[in-house]
Structures are given as C-alpha cells and as structure tokens.
Amino acid sequence: MKTTDVRVQRAITAMATGQAVVLTGDTESDGHLVFAAEAATPPLLTFAIRHTSGYVRVALPGAECTRLNLPPMCREDTSHCVSVDYRGAGTGISARDRARTIAALGSARSNASDFSRPGHVLPVQADADGVLGRRAAAEAAVDLAALAGRRRAAALCEIVSHRNPTKMALGAELVEFAVEHGLAVVSIAELVAYRQRTEPQVLRLAESILPTWAGDSRVIGFRDVHDGGEHLAVIIGPADAGIAVPLHVHVECLTGDVFGSKACRCGAELNTALSRMSAQGSGVVVYLRPPGPPRACGLYARSATADLVSQTVTWILRDLGVYALKLSEDMPGFGLVLFGAIREHGIGAQTWAVAG
C-alpha cells in the first residue's frame, strides 16, 4: 500500500473515532486542526482553542447551508455564512457552548430555528465535489468526515505556531505538533490523490459501432464525474483483459483533428495511430475532450494537465476491463506520468517503438 494512502486512512480512522486530525496544505500554507462536527465535545474544543487561533469554522455542503438557513455573510464572499450559536447554549463563546453549536450544525435533527444569529461559530459552505472541486481546507475537512462514515460536516481551525505565537504554524512544525499530540496528519494533495485513485472519475454514457476510414470500431462515450468533460474510447479489434493492447491517448485539437492544420502534429498523430491499429487488428484510442471551449493549436491553446489526463485515462481503461497495454514511445509529454498512474491502478504497461 502507498505510504500516502496509509496517512489518508489513518486520518479517516481518526475522524471516525471522534479524534482531531492535522490537515496541511502546501509547504508554505497554514495547517488546520479538523474533526467531525457531530463528534464535537467540550474537551475537544478546549484542545482546539488552546492550540489554534480560536476562530472555529464548520464546513458544510451547500444543501445543509440552505436547509439550516445559513446565508452568505456578504456578497463578496459567498462561502462564509452568517455566524450562529445553538439556542440555549449560554453565551455561546465557551468551549462547552461552541461544542454544542458545532455538534448541532453536524446533526441531521437540527433545523434553522435551533440557531440564533449572529453567534460565535462560523459556518463555511464547501464545494459539492469536495477537494476534487476546490482544493481547500473546508472541502478537505468535509471529505474526511464523509470518508469516515460521518455526516458531511466538519470543524476546522488554524494551528498557531508554538515557536512564535504571533504567527501560524507552517511546514515541519505542523508535523511536530501532530507527533507531540499523537494526531494523524494528512495533506490536501494526498486526499485529492486518494479520492482520484479510489473513486471512479468517469461515467459510461453510450456505446455504438462506428464505421470509419480505418474500419468499423466499437466506440464508447464517457463523461467526467466532476467537471463534465466528455471523452471517447475507440476500440479496434479485441480488448481482452489478458492481451496487451496498443494504446494511443489523444487530447482534442480542433484545428489539427478536423481541419488538418500543419501548425501541429495532432491530426497526423491520431491518423497514424488509427492506421497502425487498423493494420494490426487491435488497439484502443482514448480521445479526451476536457470541459470548456475546444483546444485548437495555432489559434488558441488549452492545456490538459498530465495528472488530469492520467486519472481520466486509467478510469476509462478500468471501465473497459483493459489491464495490459502497449504504450507508444511517441506518446505526448504526459506519457511518463500516465505510465506511473496506470501501474498504480494495477494496469500493466510496456513501451513499444514506432516504426518509420
């Protein structure tokens, strides 16, 4: 098992058992103490307030913000909602009072009338797709709670530096803090990678037999689960699990693919791959069309990141049941990243030279 997956699973286990987790961003960003909202207790809030800024937020999905009547605090920032206190929770500022408010925000039994406004706990609306929609602490906290089998609601607060209490803890100090207090530590990037590896990223939409100049091919359409990009898998000949199938990955280029532009090699590479596979009687072309306006070399360019390409391709191959591949040496610049990603998904791959 990957070391990063172990860290994510430890964090998930901690959230499931009502413990706090140290969540980190990149090396220069602040770290957060996060825990499931429904697990909030006075001792947990006391610990959080002591070691953080004390500015306690609760990340919630948009549907919950609507259900509990938690409108945006201002028009300029629609993610932060009006602060609340749980009615009957005293002044609302103590660790005991805030624990009651946070637990109530994480409860399915709560309703809008249970809260007074303004208060001492700040709800934050998280993206519906979690870290796969927006890579931020609120989304990561909600994702960890959901992966732990908890309701999608989590408290988060930024950790203060012990070396310099006038600043926030960064980098290695966050890890030291986690070790000192026996807390699991996980980064947003690790959580993103974990979700991409363990949750299907594409949905099969349609299938047909398509007659082309290269022969009749089985064509299957896919859509990205999160961003709506649509893709095609063109299958020539058999694509059995035990046979190494030639693979060509192609990112849409309107000018090259449709108009035969000579300003790029896109159209020529696609035609060459189809010709070669047709002659050999087997192969798979994954044609990627990222969301948004089409990519058109020589006119206006849109780049697809290697990480996005590799994850999309690997999930399409898993859906097709293809677990053995031959990758052409003339793969685009994301070839090495793709090679590593498909191996992580249990798909065997070998490179093969292009003749001529």
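This is a predicted model: local features need pLDDT of at least 70, side-chain atom pairs count only at pLDDT 80 or more; totals for chains, interfaces and linings use all residues.
Are the two partners buried or exposed? Glutamate 252 has 8% relative accessibility, so it counts as buried, the limit being under 20%. Arginine 289 has a relative accessible area of 34%, which makes it partly exposed.

How many salt bridges does the structure hold? The count is 16. Another of them joins glutamate 269 and arginine 265, with N and O 3.3 Å apart. Arginine 265 is at 58% relative accessibility and therefore counts as exposed. There is also a network: Asp143, Arg152, Arg195 and Glu199 are joined by salt bridges that share partners.

Next, the region around strand β10. Glutamate 207 forms a salt bridge with arginine 204, and their closest N and O atoms are 3.2 Å apart. Both ends are partly exposed, glutamate 207 at 44% relative accessibility and arginine 204 at 34%. Leucine 205 is found in β10, which covers residues 202-212. At 42% relative accessibility, leucine 205 is partly exposed too. Together with Leu203 and Val225, Leu205 forms a nonpolar patch on the surface, with about 260 Å² of accessible area between the three.

Eight of its 11 residues are buried, so α4 is largely enclosed by the rest of the structure. The buried ones are Ala95, Asp97, Arg98, Ala99, Thr101, Ile102, Ala104 and Leu105. What do they pack against? One partner is a helix, α2 (42-51), and the others are strands: β3 (57-61), β6 (84-86), β7 (115-126) and β8 (154-158).

Apart from neighbours within four places in sequence, threonine 101 is in contact with Val84, Asp85, Tyr86, Phe115 and Val121.

The buried residues are Ala137, Ala138, Glu139, Ala140, Ala141, Val142, Asp143, Leu144 and Ala145. After α5 comes glycine 149, with a positive phi near 80 degrees.

How do α1 and α5 lie relative to each other? Two packed helices are described by the angle between their axes and the distance between the axes. The axes of α1, residues 3-16, and α5, residues 137-147, come within 8 Å and cross at roughly 75 degrees. That angle falls in the range of 65 to 115 degrees, so α1 and α5 are roughly perpendicular. On the α1 side, Ala11, Ile12 and Met15 make the contacts, and on the α5 side they meet Ala141, Leu144, Ala145 and Leu147.

Last, the chain as a whole. The secondary structure comes to 11 helices and 16 strands. Of the 356 residues, 49% count as buried. Among contacts with a separation of 6 or more, 68% are between residues 24 or more positions apart. The accessible surface is about 16,400 Å², and 54% of that belongs to carbon and sulfur atoms.

Technical notes. Residues are numbered from 1 along each chain as its sequence is written. Side-chain values use heavy atoms; hydrogens and water are left out. Patches are made of residues with over 30% relative accessible area and no salt bridge: like charges are joined within 9 Å, nonpolar side chains (Val, Leu, Ile, Met, Phe, Trp, Tyr) within 5 Å. Accessible areas come from the Shrake-Rupley method with a 1.4 Å probe; for residues, only the protein chains shown count as cover. A salt bridge is a side-chain nitrogen of Lys or Arg within 4 Å of a carboxyl oxygen of Asp or Glu. Helices (H or I, at least four residues) and strands (E, at least two) are DSSP runs, numbered from the N terminus. Buried means under 20% relative accessible area, exposed over 50%, partly exposed in between (1.4 Å probe, protein chains only). Contact means heavy atoms within 4.5 Å. Axes are lines fitted to C-alpha atoms, for helices over the stretch in contact, and angles run from 0 to 180 degrees between N-to-C directions. Angles under 35 degrees count as roughly parallel, over 145 as roughly antiparallel, 65 to 115 as roughly perpendicular and the rest as oblique.
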